[in-house]
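The following account describes how the parts of a model are arranged. Please keep the sequence and the coordinates at hand while reading.

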Amino acid sequence: MPSTDNTPQAAYTGVAKIIHLVTALLVIANIVWGLRMEHFPGYKHGQPEWNDLLFYHASLGALIFWLTAVRFVWRAKHQPPKEPATMPAWQKLAAKLVHGTLYLVLIALPLSGYIPAWQATIRSASGAFSIGRS
Ligand code: HEM
Ligand code: HEM
């Protein structure tokens, strides 16, 4: 059973591992989806087919953002495991920098998607759901 105090855990908690795995799968799926949108046969900005693809892309992106927010809350209470004592200081620093950069990207990338969403509403094909200005 993982301890709930804020001391480093012996290993990443199950919750952290699940969020990490789901986030990684969603990010990879959204990169493939985003690149695919550009080559969709009926691709044209503002058309219903384009909007539908974009809507699901944006929804996955929003999910990544909120999963990262949950991850931050969990991380504040459950410190990740310490690096091995034998690890050189420069490698510890490098790991910190890479993890920090990954967190920044996980927040900044979905948020940057809302810049085009400010110009026009992203609406699902049925029109039932929308992201951006309504
Ligand atoms: C989009 C893909 C991915 C993202 C955004 C990502 C992000 C992250 C982040 C932010 C951490 C730091 C966790 C923390 O200490 O709070 C981490 C740790 C880690 N990730 Fe990923 N990850 C991705 C894919 C992968 C994949 C595919 C693997 C392995 C196959 C992997 C293996 C690991 C491992 C082993 C750690 C722990 C490193 C350590 O103990 O220092 N990650 N990842
Ligand atoms: C981690 C989350 C996300 C990833 C990895 C991602 C990735 C991508 C990729 C790879 C493209 C194709 C870029 C190109 O080929 O030029 C793209 C396009 C796009 N994404 Fe995302 N995206 C994410 C989140 C979002 C969100 C949350 C939104 C909207 C709220 C969004 C809106 C857009 C739009 C509007 C385009 C098309 C830009 C254009 O062609 O005019 N993205 N995204």
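In what kind of crossing does α1 pass α2? The crossing of α1 past α2 is left-handed, a term for a near helix turned anticlockwise from the far one by less than a right angle (right-handed if clockwise). The contact, defined by C-beta atoms, placed from the backbone, that lie within 7 Å, involves residues of α1 including V15, I19, L26 and W33, and residues of α2 including L53, L60, L67 and W74. By class, this contact has 17 nonpolar, 6 polar and 1 charged residues; Ala, Val, Leu, Ile, Met, Phe, Trp, Tyr, Cys and Pro count as nonpolar, Asp, Glu, Lys and Arg as charged, and the others, Gly among them, as polar.

This is a predicted model, in which local features need pLDDT of at least 70 and side-chain atom pairs count only at pLDDT 80 or more, while totals for chains, interfaces and linings use all residues. Residues are numbered from 1 along each chain as its sequence is written, and chains are lettered from A and ligands numbered from 1 in the order in which they are written.

Helix α2 covers residues 48-77, and its axis lies 9 Å from that of α1 at an angle of about 155 degrees. The two helices are therefore roughly antiparallel (an angle over 145 degrees).

F72 also belongs to helix α2. F72 is exposed (12 or fewer other C-beta atoms within 10 Å), because 11 lie within that distance. The C-alpha atoms of F72 and A16 are separated by 9.8 Å.

Around ligand 1, the shell has 8 nonpolar, 3 polar and 1 charged residues. Helices α1 (14-37) and α3 (89-119) each supply at least two of the shell residues.

Notes:
Helix = DSSP H or I, 4+ residues; strand = E, 2+ residues; numbered from the N terminus. Axes fitted to C-alpha atoms, helices over the stretch in contact; angles between N-to-C directions. Parallel < 35°, antiparallel > 145°, perpendicular 65-115°, else oblique. Contact = placed C-beta atoms within 7 Å. Buried ≥ 20, exposed ≤ 12 C-beta atoms within 10 Å, placed from the backbone.
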